[in-house]
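These entries record what I looked up in the structure.

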Amino acid sequence: MPDLLPTRRHVLAGLSAAALPVMASTPVLAASGPSLRALAAEKGILFGSALSAGTMEPAYLDIVKAECGVIVPENEFKVYVIATQPDRYNFAPGDTIAGFARDNGMKLRGHTLLWNKAEFMPKWLLNIDFGANPAREAERYLRDYIKRVCTHYGDQVFSWDVVNETIDPQTGDIRDTPFTRALGFDCIRIAFEAAREYAPKAQLVYNDYMSWERGNETHRKGVLKLLETLRAKNVPIDGFGIQSHIGNDGHIKEAQNDQWRAFIDAAVGMDYKLLITEFDVNDKDLPTDTAVRDAGVAAAAKDYLDLMFSYKQLDQFLCWGMSDNHSWLQGWTPRADKTPQRPTPYDAQYRPKPLREAIAAALKAAPKR
Ligand code: G3I
């Protein structure tokens, strides 16, 4: 199988069908042999995917069941779903995903208790008036929300993205939200402390989307500063979730491997466990030709995963969706040629793609942890 996977450098140097005679003429490979879950488990890695309540048709679920050992609700545990109104809690969509995980013997990750980004807070929360003593009231609200969500799902959630994306990629500073306005950095500390209190057995994770491409330097610096501060203040946190939406902003050709390694080295040097929480490959800057594009995506993935799996601190690997038709990238960052993106291991007809083979190859090559 590795013979079918050119390196990223090989693919991206040319990016013409002529430069890729093998890949361009290679038919789609069936996902025969061991599942990704089994290949990952051999190396001590837990493999899985995001799953959304809106995309639970049987053919898709067959793939999820065949391949995944862990799932994470794509949107259903977010505050804008759970708390559409103040003091009203809607767990029904999240319960659908949690029930599917339980019925199929899969582990469940939680995403996310505090998405500290104004854009993804419900309007009422964005405009909340924390009253005469904003710090006290903001802390009361945050602790109460985390208590309700954590106790609702109990020990089923073995790993929580406690705080998501609190660093502004442009400035490297903590984002401006109602919580940071009332509490400053303390809102991050409070979120982790409340999660430890109400989900005492769960792994607690900070999750963000800084990436290995050029253009992410300020974001990486800000996240590292945050990870250092969390350790310096003895905040209860176990892991660092690296979302891994690679090809971010169409910079698939611009990986900064050395800077990326230095960044990860610094995180593991502070004793953080590593997780790939939301893997996919944005193919915006690859050509229209499907075979060439799939080869570029597969090669970028193989390079990235080889690097990431070389860290034995990494023991969870989740894709952000298993098939192209269910990828957020279709709506969020459409291609200029208007063809659908091909960022996930299976195509829209649920056929495995070269990306699945690249993932399998990277798992086979990974050292055991
Ligand atoms: O369900 C409603 C539907 O009823 C309505 O008609 C439609 C109209 O816009 O919206 C639907 O909700 C959308 C939802 O996805 C479900 O498809 C929201 O608008 C849309 O904002 C939401 O996008 C999600 C996004 O996070 C924001 O929450 C994406 O699915 C999800 O993949 C994405 O996931 C994030 C991670 O949480 C954090 N890291 C980055 C990642 C990708 O952006």
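**Overall fold**

I looked first at contacts (heavy atoms within 4.5 Å): of those between residues at least 6 apart in sequence, 79% join residues at least 24 apart. The model is predicted, with local features needing pLDDT of at least 70 and side-chain atom pairs pLDDT 80 or more, while totals for chains, interfaces and linings use all residues. Residues are numbered from 1 along each chain as its sequence is written, and side-chain values use heavy atoms, without hydrogens and water.

I found 15 helices and nine strands (DSSP runs, H or I of at least four residues and E of at least two, numbered from the N terminus). The radius of gyration, over C-alpha atoms, is 20 Å, close to the 21 Å from the globule rule (2.2 Å times the number of residues to the power 0.38) for 369 residues, so the protein is as compact as a globular protein of that length.

**Interior**

I noted that 57% of the 369 residues are buried (under 20% relative accessible area, 1.4 Å probe, protein chains only).

**Helices 8 and 10**

I then examined helix 8 (residues 134-153) and helix 10 (residues 186-198), whose axes (lines fitted to C-alpha atoms over the stretch in contact) come within 9 Å and cross at roughly 35°. Their contact has nine nonpolar, one polar and five charged residues.

Technical notes:
Axes fitted to C-alpha atoms, helices over the stretch in contact; angles between N-to-C directions. Nonpolar A, V, L, I, M, F, W, Y, C, P; charged D, E, K, R; others polar. Buried < 20%, exposed > 50% of the residue type's maximum accessible area, 1.4 Å probe, protein only.
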